[in-house]
Amino acid sequence: MKITITMKLLQSNESFDLQVSDSQKIVDTLRILKDNLPMFRVIEETGHVKEKDSGRIISTEFTYAQAHLYSGNELLIK
């Protein structure tokens with residue numbers, strides 16, 4: 001299933017909405033963004049992201065479904 005999420009860079013306060021498969025790993029999304037969008041080239045490979053509303057720290061090795069992320073979630077990236 002496709003979900004729509006927002007990725008927000010904490011360093012620059014820029015955000016980007018994207019649609020991903022809930023079976024895709026978060027780390028794969030970050031790699032694709034880093035390779036294709038200049039604003040995401042500053043992403044550090046920390047192994048986790050933070051969900052804005054709940055404050056949960058989520059491993060980037062999880063799929064979106066495993067991390068219980070759904071359309072409308074905003075992920076904060078260092």
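**Close-up views of a predicted model**

**View 1. Strands β1 and β5 run side by side.** β1 and β5 are parallel partners, joined by 4 bridges. Strands count as paired if DSSP finds at least two bridges between them. Strands (E, at least two residues) and helices (H or I, at least four) are DSSP runs, numbered from the N terminus. Thr6 has Glu74 of β5 as its bridge partner. Lys8 stands opposite Leu76 in β5. This is a predicted model: local features need pLDDT of at least 70, side-chain atom pairs count only at pLDDT 80 or more, and totals for chains, interfaces and linings use all residues. Residues are numbered from 1 along each chain as its sequence is written, and side-chain values use heavy atoms, with hydrogens and water left out.

**View 2. The sheet is open and mixed.** Its 5 strands follow the order β2-β1-β5-β3-β4, with mixed pairing. β2 and β4 (57-59) are the edge strands; each has a single partner, so one side of each lacks a neighbour in the sheet. From one strand to the next, the twist averages 35 degrees. β3 and β5 run antiparallel, joined by 2 bridges. Lys50 has Leu76 of β5 as its bridge partner. Helix α1 lies across β1, β2, β3, β4 and β5, at about 130 degrees to β2. Axes are lines fitted to C-alpha atoms, for helices over the stretch in contact; angles run from 0 to 180 degrees between N-to-C directions.

**View 3. β5 is covered on both faces.** Glu74 and Leu76 are buried on one side, Leu75 and Ile77 on the other. Buried means under 20% relative accessible area, exposed over 50%, and partly exposed in between (1.4 Å probe, protein chains only). In a regular strand the side chains alternate between the two faces of the sheet. Glu74 is buried, at 17% relative accessible area. Beyond residues up to four places away in sequence, Glu74 touches Thr6, Lys8, Lys50, Glu51 and Lys52. Contact means heavy atoms within 4.5 Å.

**View 4. The largest nonpolar core holds 18 residues.** A nonpolar core is a set of buried Ala, Val, Leu, Ile, Met, Phe, Trp, Tyr and Cys residues joined through side-chain atoms within 4.5 Å. Ile5, Met7, Ile26, Tyr64, Leu75 and Ile77 have the most contacts inside this core. β1 (2-9), β2 (15-21), α1 (26-36) and β5 (74-77) each supply at least two of its residues. β1 gives the most, with 4 residues.

**View 5. Val20 sits in strand β2.** Val20 is buried, with a relative accessible area of 4%. Leaving aside neighbours within four places in sequence, Val20 contacts Met1, Lys2, Ile3, Ile5, Thr29 and Tyr64. Arg56 is 36 residues from Val20 along the chain, and their C-alpha atoms are separated by 20 Å.

**View 6. Phe16 and Phe40 form an aromatic pair.** A search of the whole structure finds 1 such pair. The geometry is edge-to-face: 6.2 Å centre to centre, with 80 degrees between the planes. Rings of Phe, Tyr and Trp (its six-membered ring) pair if their centres lie within 6.5 Å; planes under 30 degrees apart count as stacked, over 60 as edge-to-face and the rest as tilted. Phe16 lies in β2 and Phe40 in the loop between α1 and β3 (48-51), so the pair ties together parts 24 residues apart in sequence. Phe16 is partly exposed at 30% relative accessibility. Phe40 is buried, with a relative accessible area of 0%.
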